Amino acid sequence: TDVYFDAIDLSLTKKDMWLRSRDGNLELKVPHHIQETSINLYMEITNHKEIAALLQSTEIHVPFDQEISFAHLANAGFEPFAKIETCRSRHKIQIDAAPEISSNFAVFVDID
């Protein structure tokens, strides 16, 4: 279950940013603009300091820079606005590197 938070003026939603609690852990989804594509790509930030820094850099001022609690969110004017239950699966895609690259890597894809 995901609970999404935003300010009363929907400042995050208007910027296509999504602050949520997933299983009690805060995450911030931000658009990832790698190249022109018809697919929406997002980075999921889970580090609280990085979340606070990203919010500050978009002129959304929040009074925290350490661990973010639900009390901090409420004090900053953020309220839950949606609760979404999804069935989620994670898939690992192994990618073999070109011969001149010494290591392979994997990409994880979450499907909601």
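## A buried arginine

Arg 20 is buried, with a relative accessible area of 1%; buried here means under 20% relative accessible area, exposed means over 50%, and partly exposed lies in between (1.4 Å probe, protein chains only). This report describes a predicted model, in which local features need pLDDT of at least 70, side-chain atom pairs count only at pLDDT 80 or more, and totals for chains, interfaces and linings use all residues. Residues are numbered from 1 along each chain as its sequence is written, and side-chain values use heavy atoms, with hydrogens and water left out.

## The chain as a whole

The chain contains three helices and seven strands. These elements are DSSP runs numbered from the N terminus (helices: H or I, at least four residues; strands: E, at least two). Along the sequence they follow the pattern β-α-β-β-β-α-α-β-β-β.

Of the 112 residues, 26% count as buried. The chain exposes about 7,900 Å², and carbon and sulfur atoms supply 53% of that area; accessible areas come from the Shrake-Rupley method with a 1.4 Å probe, and for residues only the protein chains shown count as cover. Among contacts (heavy atoms within 4.5 Å) with a separation of 6 or more, residues 24 or more positions apart account for 36%.

Side chains of opposite charge can pair when their charged atoms come close. A search of the whole structure finds four salt bridges, each defined as a side-chain nitrogen of Lys or Arg within 4 Å of a carboxyl oxygen of Asp or Glu.

One of them is formed by the side chains of Asp 2 and Arg 20, at 4.0 Å from N to O. Asp 2 lies in strand β1 (residues 2-7) and Arg 20 in strand β2 (residues 18-22), so this pair ties together parts that are 18 residues apart in sequence. Asp 2 also meets Arg 22 in a salt bridge, at 2.9 Å from N to O. Because Asp 2 belongs to strand β1 and Arg 22 to strand β2, this pair ties together parts that are 20 residues apart in sequence. Asp 2 has a relative accessible area of 2% and is therefore buried; Arg 22, at 9% relative accessibility, counts as buried too.

## From Arg 20 to Glu 44

The side chains of Arg 20 and Glu 44 meet in a further salt bridge, at 3.0 Å from N to O. Arg 20 lies in strand β2 and Glu 44 in strand β4 (residues 42-45), so the pair ties together parts that are 24 residues apart in sequence. At 38% relative accessibility, Glu 44 counts as partly exposed. Salt bridges that share partners join Asp 2, Arg 20, Arg 22, Glu 27 and Glu 44 into one network.

Glu 27 is located in strand β3 (residues 25-31). With a relative accessible area of 10%, Glu 27 is buried. Its side chain is joined to that of Arg 20 by a polar contact of 2.7 Å. A polar contact is a pair of N or O atoms within 3.5 Å; within protein, one must be able to donate a hydrogen and the other to accept it, and residues adjacent in sequence count only if both atoms are side-chain atoms.

Leaving aside residues up to four places away in sequence, Glu 27 touches Trp 18, Leu 19, Arg 20, Arg 22, Glu 44, Ile 45, Thr 46 and Ile 51.

## An exposed lysine

Lys 92 is found in strand β6 (residues 89-95). Its relative accessible area is 55%, so Lys 92 is exposed. The C-alpha atoms of Lys 92 and Asp 110 are separated by 9.0 Å, and the two residues are 18 residues apart along the chain.
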